[in-house]
Amino acid sequence: MDKYYELDNESIITYIKEKMDFFEVDAKLESREIGDGNLNLVFRVSDPGSGKSIIAKQALPYVRASGGDWPLDIGRGEIEKRILDIEYDLTGGEVPKVYFYDAVMCCMVMEDLSDYIIMRYGLLKYEKYPQFPEQISDFIVKSLLLTSDVVMEHKQKKAYVKDFINPELCEITEQLVYTEPFNVGARNRLEDAIVDFHKENIVADQELALEVAKLKFDFMNNAQALLHGDLHTGSIFVNKESTKVIDPEFAFYGPIAYDLACVFANLIMNYISAFYSLSDEVVREDYCGYLRQTITDTVDLTKKKFYNQWDGVVTDEMAQVPGFKEYYIEDIFVNAAGIVGCEMVRRTVGFAHVVDLDNIEDDQKRYAAKTNNLLLAKEYIKYRASIVCGQDYIEQLDKIIK
């Protein structure tokens, strides 16, 4: 068939057999749709006999979470395939390997990471991942620094900027992260209990609005490096030994701070979730202590690796002028703190929430978690110039979450 159609649990099996020889010809394949994101269909196709399996991801022509009434360009899958190939090479395999991409069906088939778990759900089960700060900081620095102007030949970098223009998904970020959560209405989703709190503490704060506007226009105009574009704990697979990054369909050339901030913010929101969800004081102190250290180490290792790798990879002669390295890297971390706050606000009142906060069962604790998350977010946005290392994040956290 030479035209697009939506796959399902039955047709995906026929499709895979036609498109690749990964499985034996007579294999009795099984399929399960496992997508839990906002945009795509995701299938795990497996052969119980051999134990082999693959993941097939098909872009839908609409935002899945909207019920079908929000159209979206299905060609975005090609951007995702290309960036996964680039990131695979840059990071030595810290993303799944892509087997093929079908431009007609907008379907990508890739390595199955069934021995991993989505990090968000692992953290909500109070699992610990000791290698994560080391590994995610590696991914961040390699994928971002090595695709920036300070390293790449400038014409090649500009060609990448053109190739990775991603206007529809960028517009989603511009609206859902930097605009709608700081206003009333639109596609925001708020619990009734926090509607007034949101109006009084977020919408009515004009100083906050100004700082968010600065961050929004930096996001729109600063083509600094090839971003993942949605690098939160729902886009990261982990186990005790390894970390793999998935779902870079929001990829485009933007400010390095954005990818860092999405990781930092989602770790902080998981901390808030654990703080309010765990009733056993000993267990809470232990797990929150682990998360505090994870937040601190992730921030500080990322910064340290930017500094350590700079001299060995930077090619632009003006980027080697004394003092420029410090200016460039410190600016990234100042802006990251502000974007952390934007991510925390939008995940509380915007269109796409996080289960970390939504699934706190006790109504009073959930209200406290969400309202304090908003207050903490404001601190990160307004005072970002003084939040440039892991301990700075923890100090702000301790002022609000107690």
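**Burial, packing and backbone**

Trainee: Which residues are buried in helix 6?
Mentor: This is a predicted model, in which local features need pLDDT of at least 70, side-chain atom pairs count only at pLDDT 80 or more, and totals for chains, interfaces and linings use all residues. Residues are numbered from 1 along each chain as its sequence is written, and side-chain values use heavy atoms, with hydrogens and water left out. Helices are DSSP runs of H or I with at least four residues, strands are runs of E with at least two, and both are numbered from the N terminus. With buried meaning under 20% relative accessible area, exposed over 50% and partly exposed in between (1.4 Å probe, protein chains only), the buried residues of helix 6 are L169, C170, I172, T173, E174 and L176.

Trainee: What covers the buried residues of helix 6?
Mentor: Contact here means heavy atoms within 4.5 Å. The cover includes helix 2, helix 8 (206–221), strand 10 (252–254), helix 9 and helix 11.

Trainee: Is W70 buried or exposed, and which residues does W70 touch?
Mentor: W70 lies in the loop between strand 3 (52–59) and helix 2 (76–91). Its relative accessibility is 16%, so W70 counts as buried. Not counting residues up to four places away in sequence, W70 touches Y62, V63, I172, L176, R187 and F351.

Trainee: How many Å apart in space are W70 and I86?
Mentor: In sequence, W70 and I86 are 16 residues apart. From C-alpha to C-alpha, the separation of W70 and I86 in space is 30 Å.

Trainee: At what angle do helix 9 and helix 13 pack, and what is the class make-up of their contact?
Mentor: Axes are lines fitted to C-alpha atoms, for helices over the stretch in contact, and angles run from 0 to 180 degrees between N-to-C directions. Helix 9 and helix 13 (residues 363–382) pack at about 150 degrees, with axes 10 Å apart. I268, M269, I272 and Y276 of helix 9 meet K365, A368, A369, N372, N373, L376 and Y380 of helix 13. Counting Ala, Val, Leu, Ile, Met, Phe, Trp, Tyr, Cys and Pro as nonpolar, Asp, Glu, Lys and Arg as charged, and the others, Gly among them, as polar, the contact of helix 9 with helix 13 has eight nonpolar, two polar and one charged residues.

Trainee: How are helix 10 and helix 11 oriented to each other?
Mentor: Helix 10 (residues 281–313) and helix 11 (residues 324–349) pack at about 155 degrees, with axes 11 Å apart. Angles under 35 degrees count as roughly parallel, over 145 as roughly antiparallel, 65 to 115 as roughly perpendicular and the rest as oblique. Helix 10 and helix 11 are therefore roughly antiparallel.

Trainee: What is the phi of Y126, and is Y126 buried, exposed or partly exposed?
Mentor: Y126 is in the loop between helix 3 (119–124) and helix 4 (132–145). Although Y126 is not a glycine, its phi is positive, at about 65 degrees. With 32% relative accessibility, Y126 counts as partly exposed.

Trainee: Is A186 buried or exposed?
Mentor: A186 is in the loop between helix 6 (167–176) and helix 7 (195–203). Its phi is positive, near 55 degrees, in a residue other than glycine. Because its relative accessibility is 64%, A186 counts as exposed.

Trainee: Where is S46, and which residues does S46 touch?
Mentor: S46 is in strand 2 (residues 40–47). S46 is buried, with a relative accessible area of 19%. Residues up to four places away in sequence not being counted, S46 touches F23, K28, L29, E30, K52 and S53.
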